[in-house]
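Keep the viewer open as you read.

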Amino acid sequence: MSGAIWRDLVARLGDLESLVTGDGVPASPQDRAEGFRYLLRFLASGIRVVVPGGDPDYPEFSRMVENGLSWGLDNPDCNYSWARVRGDAVYRIAGNRGSACHLEFQVNTGHFGDGNVGRWRTVSSLNARELVTHPDGAFELYVGGERRDGNWMALDPEASFLLLRQYFDDWERERPAELCIERVGAAYPQPIVTTSRVAATFDELVMWMSSGARSWEMMSKLIVGTEANNVAMTPPLEGNAGLRGQSYGLGHFSCAPDEAVVVEFEVPKCLMWSVQLSGWYWESLEFAGRQTSLNSSQAVVDADGRFRGVIAHDDPGVHNWIDPEGHADGTIGIRYLFPDRVTQPVLTRVPVGDLPRVLPPDTRRVTRDERRALLERRRRAVQLRYRY
């Protein structure tokens, strides 16, 4: 408490300049602007995680990712909330499920800021298909302690945080859950802040801004360094902190200003699916005011059952335009939730002028006014979903 704790944090923040100005990092004016904005965003998200969301004795759900605080290849369709837990406690979550297409509560080990992604482990999970609710959507969920009837999830000695994912297919109509979390048996009034608690918070934030930031940088570089315009899909996941039942596809898109990349796949039977673009810093590109992602409610599937999206720098006038927001290279993510099979996407790079030849004749078209209306609706829907 001499002041060293603050000076150490400031020094660690200074070290992160190399994420933006280091060797091999894109250095255009747009890239530099996005890089320094990313450092602010990542710091702001870290503060949310370790300050309001960092106390396992008096936990609170803290939204750690959103359109304005993007990191870690977040999904534009998903609201992410975090709360710290400890393995020897019991927690009660109560409220209303809302109307999101899907949600999952997940207890994990590790920390999103520790950089040890390969060591994270899912202790237990409970999703919308298993959650028991009253007709009005109300429910109670207990986490930890002895197994009990009704909604219950296990903890173990290594359990460290609870993650809530809420997936929205129809952005304009589906609404998020209204929830509170509390440790059963917590004493009130809540204890006064202590030096040890503040020191632990600073230590977590330093870890977040050093190990965490470096690990996400490493993964982003790994994906962008793969073969261009190729996506590798996984089978539906069962653990390791991913969403249970979701098939993930990651790849590197590359599209010059005079080119287009057609993203095509047979749409499997599934709860929902999505396609998104991310930039160098593994941030979702601006998805409220720009159409940088599409999901199963927003996209148009062609008569042959295939999705065909068009990555292009200028609006080509097709409904399924995917806007790269000025990026010639970045990450493309494709997700299928509870698919009956995993279909393989194909990405084809063509001159922009060849689009009429490679797209089906009945491809849905939009006018400039229709595009503006679509984007206005997206922006309003995102604001309502995040409850600004």
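## Helix H3 against helix H4

Helix H3 (residues 29-50) and H4 have axes that come within 10 Å and cross at roughly 140°. H3 is therefore oblique to H4. The crossing of the two is right-handed (the near helix is turned clockwise from the far one by less than a right angle). Axes here are lines fitted to C-alpha atoms, for helices over the stretch in contact, with angles from 0 to 180 degrees between N-to-C directions. Angles under 35 degrees count as roughly parallel, over 145 as roughly antiparallel, 65 to 115 as roughly perpendicular and the rest as oblique. Helices (H or I, at least four residues) and strands (E, at least two) are DSSP runs, numbered from the N terminus.

On the H3 side, the contact (heavy atoms within 4.5 Å) includes Tyr38, Phe42 and Ile47, and on the H4 side it includes Leu205, Trp208 and Trp216. By class, the residues of the H3 and H4 contact are 12 nonpolar, four polar and two charged. Ala, Val, Leu, Ile, Met, Phe, Trp, Tyr, Cys and Pro count as nonpolar, Asp, Glu, Lys and Arg as charged, and the others, Gly among them, as polar.

## What this rests on

This is a predicted model, where local features need pLDDT of at least 70 and side-chain atom pairs count only at pLDDT 80 or more, while totals for chains, interfaces and linings use all residues. Residues are numbered from 1 along each chain as its sequence is written, and side-chain values use heavy atoms, with hydrogens and water left out.

## Helix H1 against helix H4

The axes of helix H1 (residues 4-15) and helix H4 (residues 195-224) also come within 10 Å, crossing at roughly 10°. H1 and H4 are therefore roughly parallel to each other. Among the residues that meet are Trp6, Leu9 and Arg12 in H1, with Phe202, Met209 and Arg214 in H4. The contact of H1 with H4 holds 10 nonpolar, one polar and four charged residues.

The largest pocket holds about 760 Å³ of space. It is lined by 31 residues, and the closest to its centre are Gly72, Trp216, Ala241, Gly242 and Tyr248. A pocket is an open set of points on a 1 Å grid over the protein atoms alone, where a 1.4 Å probe fits, with protein on both sides within 12 Å along at least five of seven lines; lining residues have an atom within 4 Å of a point. A volume is the space filled by probe spheres set on the points, which are joined across faces, edges and corners.

The second largest pocket has a volume of about 380 Å³. H4 gives the most to its lining, with three residues.
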